[in-house]
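Here is a short briefing on how the parts of a protein model touch. Look at the model first, then read the points below.

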Protein chains: 2
Amino acid sequence: MPKRKQTFSLGLDFGTNSVRALIVDVAAGEEVASHVWSYAHGDAGILLGPKDPNLARQHPGDYVKGIEQSVRAALKAARRAKDFSPEAIIGIGVDTTGSTPVPVDKAGEPLASRDAFKKDLNAMAWLWKDHTAYVEAAEITRKAEDMRPQYLAKCGGVYSSEWFWAKVLHCARVAPKVYKAAYTWVECADWIPALLTGTTAPAAVKRCICAAGHKAMFNPSWNGYPDVEFLRAVDARLVPLRQTLPDTALNVSQAVGTLTESWAKRLGLRAGIPVAAGAFDAHLGGVGSGIRAGVLVKIIGTSTCDMMVAPLSQALPDIPGLCGIVPESILPGCYGLEAGQSAVGDIFNWFVNSVKPAKMGHKELTAEAEQLKPGESGLLALDWNNGNRTILVDQRLTGLMLGMTLHTLPSEMYRALIEATAFGARRIADRFEEYGVKVERVVNCGGISVKNPLVMQIYADVMGRPLEISRSPQTCALGAAMAGAVVAGTANGGHDTFTKAIRAMTGVLSTRFKPKPKNQAVYDRLYTLYCTLHDGFGTRTYQESLFGVMKDLLAIRDEVRR
Amino acid sequence: MPKRKQTFSLGLDFGTNSVRALIVDVAAGEEVASHVWSYAHGDAGILLGPKDPNLARQHPGDYVKGIEQSVRAALKAARRAKDFSPEAIIGIGVDTTGSTPVPVDKAGEPLASRDAFKKDLNAMAWLWKDHTAYVEAAEITRKAEDMRPQYLAKCGGVYSSEWFWAKVLHCARVAPKVYKAAYTWVECADWIPALLTGTTAPAAVKRCICAAGHKAMFNPSWNGYPDVEFLRAVDARLVPLRQTLPDTALNVSQAVGTLTESWAKRLGLRAGIPVAAGAFDAHLGGVGSGIRAGVLVKIIGTSTCDMMVAPLSQALPDIPGLCGIVPESILPGCYGLEAGQSAVGDIFNWFVNSVKPAKMGHKELTAEAEQLKPGESGLLALDWNNGNRTILVDQRLTGLMLGMTLHTLPSEMYRALIEATAFGARRIADRFEEYGVKVERVVNCGGISVKNPLVMQIYADVMGRPLEISRSPQTCALGAAMAGAVVAGTANGGHDTFTKAIRAMTGVLSTRFKPKPKNQAVYDRLYTLYCTLHDGFGTRTYQESLFGVMKDLLAIRDEVRR
């Protein structure tokens, strides 16, 4: 049998501060070359509000320039690295942040490219972390509670200020000129594939299920986007926008079109190769980590994203507190389930960079914290310094630490903060299982998973599960490249299905973190106390006083120290 | 009318690390001269356990040497300072730490002075902060709950490991030889006056109501010390000791005797001048701060002592959570009421010296914390890093802070800790008033009251009361000197009553801290939240969830920042 010709796929990963192009060998997932280009505008790519800390925008021009810069440099690096020809690239996949909607005109051009709007922050891409629309988000939540509770049931019960409808409505109110000039709004995840395939015209642009389903209340069970009656009740200005939106949405196994001649030339690629529908970075990160039924993929960085999939054939109930349950948002044929913690690494960074305890850095604190036994400090914390995304879906919750004495040390506090995020992680895994989504394996990726063995060991001990680490350090771009391989298909040297692509192109490191039974036993007791605080401060349930919490902590501490 | 001859009184103040001698003008309270002598033994006067952090003892020889060293130096300084003759000293008063019992032999000599015991830590004075007897304290509490609940009602419901019976019982168990050699145990507050008056023989030594009532379950309503039946039920070894104790106890307006020839010679004083019964430092500090009915005296340092008096004629109920309610323990004719916070300055010191935020000192943190408005940080803390003395009487409570975000600064945490101690202070004042002891004025003394205007202003704002500062920086020694003036009496150039002595010899500074209505309004709301946490974590009461706490804090924060 002759050796199959080697083929490659291109993943484009649009992050918050930069874009990465990754070239991957389709047969084995080998990452041949990549290049990162940092956005040119604003503060590390983000246009900040001069006064409003909630405002975060991005210049769409950076996306266009970023494609060219990153792809050309990646191709160059690949040629240097090995016997490689750009001709052998068979498909392209795209992941982006989101919800990051871009206002575009009737021709599909971003308003930001017009002279009249080129300095207007409201005409830019509204970055995922923009929270200016919190009033509108609350209005939408209230209206949905009244009129369409089913809309909320799929997004954890609360519509967020980070999401599509809240953002466009806020624009309609604060920048009516921009809103009027925008024929429609296109998610960044949709606009990039449209750009590469020449389908940016509003009638032609295809929408991906990932963005539509998780951020814009799209669901096949109610025939797509929210209905006109509902949107009119929220604000009549939303109705014309609704009429520009299609009734269908694509998943990442579907191509939105093929690479245009002009873009092929600009990038040095073959024209006509397929471009997959886009998806959010975390979701394709899940794919790049080898997600499948029974596997919880955790991307652990400044915050976490926790993803699972469940076959569409499974009768899946609504799961309270999950950010989203959307058919085919991660993998075709499966529900995509998204959860997450609003802050993880951000909490450790806050402690080190804002509290600055004893001027110790992460390294020194970690070295001391490693010496501590679970329970030894008598401390317990909640991981809510940036609110709680899952399962409470409440941005207005805050941090808590208890158990401090006159002898408490910074390293003990640091470890308690790590443990708090581990308890939060376990609470999410428990929620999946409570609703019938079994967690059989946990695969981790993201900066913390590869750089911080102390955190990973504590997570294993707290969750009581072995933790695996994704082999790829750039799972989002890898997942995007896998989508490129799938839309190319076997006939073109790609894969027919994600199942095959995942088997061929993903893997885990040999390093695994196994729970230590002795630690696990103590953490089980601490987790019970964590849940008492979690429910006490995070829900309206009646309960006995919290009198036991401090006593039990001291009892555990005294036992551990003995 | 001829000018009355100027007279002076001597106060001896035995602290934890040193002894102070203070010479005071009886007519106006002018502090003529003082001298502090640091104890020679141990670590700053404290003999620590080589292994047990609960152990803290003191060498009685330091007391003896301390009298001579401090008094002679003070007399010398007084002679230098003004036209003064030691002959004009008309009386002596003594205050000490406590409960600090000393084991003595049949002659009244401390066992520590015998060769056989001179290095035996159990034969030394058992310093107030010695906590080795925590098991015995719990036993005594349980037995009293069963047999003599009235004993507990006068000491807040819990017998402490710091107190007389727990300590002697612990000695009986761990050092039976010492216990057997000890004919009786004498509180330091009793032993010093006995020494100066030649009445150390066990049959002669007089006991003061302050130590007996607050630490040894002495109360006139049950004819003195706890009865033999009860003590036998606790441990039969306590019975012989009980039989060495008298049925009566003296208050500070009563002399235990007069200065012996030999001590007069040793010190350079007139023989035959009266020596008042001793009392604890805090209580005579209350006297030196001008305590009277309606005046709450707060000694604010590493911890606080909060004292009030109420006329014996007042029908006073038991007050749950107060460390002690003892007739004449502070002033003759009044109940003495003692409360306190286990840590105040110690909490601020923990934050600065252990957490070491951004390597900022008290000064830098105070400067930043001063710029913050009440409620602005969104933080709330409990002041329990060293347990809660009043009103929960629970050493096994710990600190708590909540409301932290990713932007919380050290100065905000520092201010939250100050506010927490202020809320704790208000809870104590509220408890007095809830049981009919009206707080009409608040007079403060102790290091923090004179050195930290930010703390004082926050206390005024939180308590909603103007705060006065005692004029004397050494109120304990002044109170002791006042006792010397009272036992001398008018006939000898002193005062007949404490009422007169207080009017003549004490005063407050012109600086007062007045509550700012705007701050007070915010703190009233925060105090309500503090009480929710206080009761939630500190009591067994059933209650609604604490869901409102974080939300309300953010609402207050957002209002204040607007």
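**Where the two chains meet**

A:Met401 stands opposite B:Met401, which lies in strand 18 of chain B. This is a predicted model.

**The interface of chain A and chain B**

- Chain A brings 50 residues to the contact, and chain B brings 50 residues.
- Together the chains bury about 4300 Å². Carbon and sulfur atoms account for 63% of that area.
- On the chain A side, A:Arg396, A:Leu406 and A:Met550 supply 17% of the area buried against chain B, more than any other three residues.
- There are 4 salt bridges between chain A and chain B. B:Lys551 forms a salt bridge with A:Asp394, and their closest N and O atoms are 2.2 Å apart.
- Helix 20 of chain A gives the largest share, 7 residues.
- The residues on this side of chain A divide into 25 nonpolar, 15 polar and 10 charged.

**Two domains within chain A**

- The domain assignment gives chain A a domain 1 (8-281) and a domain 2 (290-471 + 516-562).
- Their contact takes 19 residues from domain 1 of chain A and 17 residues from domain 2 of chain A.
- The centres of the two domains, taken over C-alpha atoms, are 30 Å apart.
- The area buried between these domains is about 1500 Å², with 49% from carbon and sulfur atoms.
- A:Lys154, A:Gly156 and A:His214 lose the most area on the domain 1 side, together 35% of what that side buries.
- The domain interface has 1 salt bridge. A:Lys154 forms a salt bridge with A:Asp318, with the closest N and O atoms 2.8 Å apart.
- Helix 7 (residues 209-215) of chain A gives the most to the domain 1 side, with 5 residues.

**A sheet in chain B**

- In chain B, 3 strands form an open sheet in the order 4-5-8, with antiparallel pairing.
- Why do strand 4 (47-48) and strand 8 (125-126) of chain B each have one side without a neighbour in the sheet? Both stand at the edges with a single partner strand, so one side of each is left without a neighbour.
- Strand 4 of chain B is joined to strand 5 (residues 56-58) of chain B by 2 bridges.
- B:Leu48 stands opposite B:Ala56 of strand 5.

Note on methods: Residues numbered from 1 in each chain as written. Chains lettered and ligands numbered in written order. Predicted model: local features only at pLDDT ≥ 70, side-chain atom pairs only at ≥ 80, totals over all residues. Heavy atoms only, no water. Domains from an automatic or database assignment. Contact = heavy atoms within 4.5 Å. Buried area = accessible area lost by both parts, 1.4 Å probe. Salt bridge = Lys/Arg side-chain N within 4 Å of Asp/Glu carboxyl O. Helix = DSSP H or I, 4+ residues; strand = E, 2+ residues; numbered from the N terminus. Pairing = 2+ DSSP bridges. Nonpolar A, V, L, I, M, F, W, Y, C, P; charged D, E, K, R; others polar.
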